[in-house]
Amino acid sequence: MPTWFCSREWFYHVGKFDEGGKGVPEDLLFFYKHIQKGGEVVRVNHCLLLYRYHPQAATHSVLEETIWNHRVRFLEDRVLSSWTSFTIWNAGKQGKKLYRSLSPANRKKVTAFCDVDEKKITRGFYTFEESEERPKPKIPICHFREATPPFIICVKLDLTGGAFETNLNMLNLTEGVDYYHFN
């Protein structure tokens, strides 16, 4: 897990942690406020601290679904609000989960899913069965080379032996403009 830190002055500028009680991801919410106030993120590729968990740690009370929902809302507010359409890169479990989690307005902006899995591509589309719309929305599934940016990428890095990263690089896209990672 990445750990981040900031100066005391910046901490006071951003505001205190949301101490809403058990189950509140206060560090994630603080981090989002940091970004919204213009804070930057710099990666340090060295181990700077050792973090110990214990069975009663508050971190265990935060549900994965709670974190997911905060991440989706942040993505919608910070990225999708300025896009008129986009492609979800991953026609599998994570891509479909993201699609289902989006607000109805942002689901309508999804032009396609893209993938490399021929089985998914051959299927041709994803049907949003949970929708109350009639007919049910059907989102095309295409090969990544045929997809149109911008992309929300729901593929974890370093899991494909470099194949995903090679595919992404061949498109000559700019992170933060043509795509955002959501993994």
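This is a predicted model: local features need pLDDT of at least 70, side-chain atom pairs count only at pLDDT 80 or more; totals for chains, interfaces and linings use all residues.
Two packed helices are described by the angle between their axes and the distance between the axes. Helix H3 spans residues 64–78 and helix H4 residues 93–101; their axes lie 10 Å apart and form an angle of about 70 degrees. H3 is therefore roughly perpendicular to H4, since angles of 65 to 115 degrees are assigned to that class. On the H3 side, the contact involves Trp68, Val72, Arg73 and Leu75, which meet Gln94, Lys97, Leu98 and Ser101 of H4. Of the residues in this contact, four are nonpolar, two are polar and two are charged.

Leu98 also belongs to the largest nonpolar core, which has 22 residues; Leu98 and Ile152 are the members with the most contacts inside it. At least two residues of this core are supplied by each of H3, strand S1 (86–89), H4, strand S2 (110–115) and strand S4 (138–143). H3 provides the largest share, three residues. Beyond residues up to four places away in sequence, Leu98 touches Trp68, Val72, Leu75, Ile88, Ile152, Cys154 and Phe182. A second, separate core comprises twelve residues, among them Ala112, Cys114, Phe144 and Val155.

Arg78 is also found in H3. With a relative accessible area of 40%, Arg78 is partly exposed. When neighbours within four places in sequence are left aside, Arg78 is in contact with Ile35 and Gln36. The C-alpha atom of Arg78 is separated by 13 Å from that of Asn106, a residue 28 residues apart from Arg78 along the chain.

Terms used: Residues are numbered from 1 along each chain as its sequence is written. Side-chain values use heavy atoms; hydrogens and water are left out. Axes are lines fitted to C-alpha atoms, for helices over the stretch in contact, and angles run from 0 to 180 degrees between N-to-C directions. Helices (H or I, at least four residues) and strands (E, at least two) are DSSP runs, numbered from the N terminus. Angles under 35 degrees count as roughly parallel, over 145 as roughly antiparallel, 65 to 115 as roughly perpendicular and the rest as oblique. Contact means heavy atoms within 4.5 Å. Ala, Val, Leu, Ile, Met, Phe, Trp, Tyr, Cys and Pro count as nonpolar, Asp, Glu, Lys and Arg as charged, and the others, Gly among them, as polar. Buried means under 20% relative accessible area, exposed over 50%, partly exposed in between (1.4 Å probe, protein chains only). A nonpolar core is a set of buried Ala, Val, Leu, Ile, Met, Phe, Trp, Tyr and Cys residues joined through side-chain atoms within 4.5 Å.
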